[in-house]
Amino acid sequence: MAETEELKVSLPLLNEPAPDFEAVSTQGPIKLSDFRGKYVVLFSHPSDFTPVCTTEFGSFATATEEFEKRDVQLIGLSVDSVPSHLAWIRDIEKIFDTKVKFPVIADLDTKVSRAYGMLHPGYSATATVRSVFIIDDKGILRAMIYYPASAGRSIPEILRVIDSLKTTDESGYTTPADWKPGEPVIVPPSLNAETVEGEEESTAKGLDYKAWYLRYKK
């Protein structure tokens, strides 16, 4: 019980500042605050030299250009050492014929892992869970995604969430389920009963009316 209690950590909260950190990585010391002004995708993996994690890193590396187009910095993390990370990266680059350009944190003291709730007692006392944290250009935590150890992440889904967040920030519109860039977005409903627009008013504004609380805009 004592060990379980010791491992209990608080999860960071959405729409609040992401916990800042300074850590050792495969590209030297890094600080989260160093990347202010661009989005950051901080993702943890259970362990180096494991099959599912290897496929994920290969996919992240292959999609690096897509993240760069969106001005997003990738940062990997596990509790393995820098030498272990570097040796594993060489394998990944050989297997997938690509370059791992992003830093990978060696969180041996688990400070970053604890700050982000990456250590779950029911999963492991020594390995980080498979998690993703999307932090915006102002340092605000905007999304968190957790996966079981047996299921590799969908990189296109992470990109989709980033595109959705940026679309909402720029336009004020929200995005429906399975939305992709270029598809209709959702116009926020009015909360004032006196100004609720019906189908006729919505159509006149070029909106696709489904209900007073669900209207699409191309």
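**Close-up views of a predicted model**

**View 1. Arginine 70 in the loop between α3 and β4.** Arginine 70 lies in the loop that runs from α3 (64–69) to β4 (72–78). The model shown in this and the following views is predicted. Arginine 70 has a relative accessibility of 19% and is therefore counted as buried, the limit for this class being under 20%. When neighbours within four places in sequence are set aside, the residues in contact with arginine 70 are Leu159, Ile162, Asp163 and Lys166.

**View 2. Arginine 70 and aspartate 163.** In sequence, 93 residues separate arginine 70 from aspartate 163. In space, the C-alpha to C-alpha separation of arginine 70 and aspartate 163 is 8.1 Å. Aspartate 163 is also one of the residues in contact with arginine 70.

**View 3. The open sheet of β8, β10 and β9.** Three strands make up an open sheet in the order β8-β10-β9, and their pairing is antiparallel. From one strand to the next, the twist averages 35°. Strands of a sheet pair through backbone hydrogen bonds, in either a parallel or an antiparallel arrangement.

**View 4. Pairing of β8 with β10.** The antiparallel strands β8 and β10 are joined by three bridges. Valine 185 has lysine 217 of β10 as its bridge partner.

**View 5. The hairpin of β9 and β10.** Strands β9 (208–211) and β10 (214–217) are connected by a hairpin through two residues. Their antiparallel pairing extends over three bridges. Alanine 211 is bridged to leucine 214 in β10, and aspartate 208 has tyrosine 216 in β10 as its bridge partner. In a regular strand, side chains alternate between the two faces of the sheet.

**View 6. A nonpolar surface patch that includes Tyr213.** Tyrosine 213 is located in the loop between β9 and β10. On the surface, Tyr213 forms a nonpolar patch with Val196 and Trp212. Together, Val196, Trp212 and Tyr213 present about 310 Å² of accessible area.

Conventions:
Residues numbered from 1 in each chain as written. Predicted model: local features only at pLDDT ≥ 70, side-chain atom pairs only at ≥ 80, totals over all residues. Heavy atoms only, no water. Patch = residues over 30% accessible without salt bridge, like charges linked within 9 Å, V, L, I, M, F, W, Y side chains within 5 Å. Areas by Shrake-Rupley, 256 points an atom, 1.4 Å probe, with all protein chains shown as cover. Salt bridge = Lys/Arg side-chain N within 4 Å of Asp/Glu carboxyl O. Helix = DSSP H or I, 4+ residues; strand = E, 2+ residues; numbered from the N terminus. Buried < 20%, exposed > 50% of the residue type's maximum accessible area, 1.4 Å probe, protein only. Contact = heavy atoms within 4.5 Å. Pairing = 2+ DSSP bridges. Axes fitted to C-alpha atoms, helices over the stretch in contact; angles between N-to-C directions.
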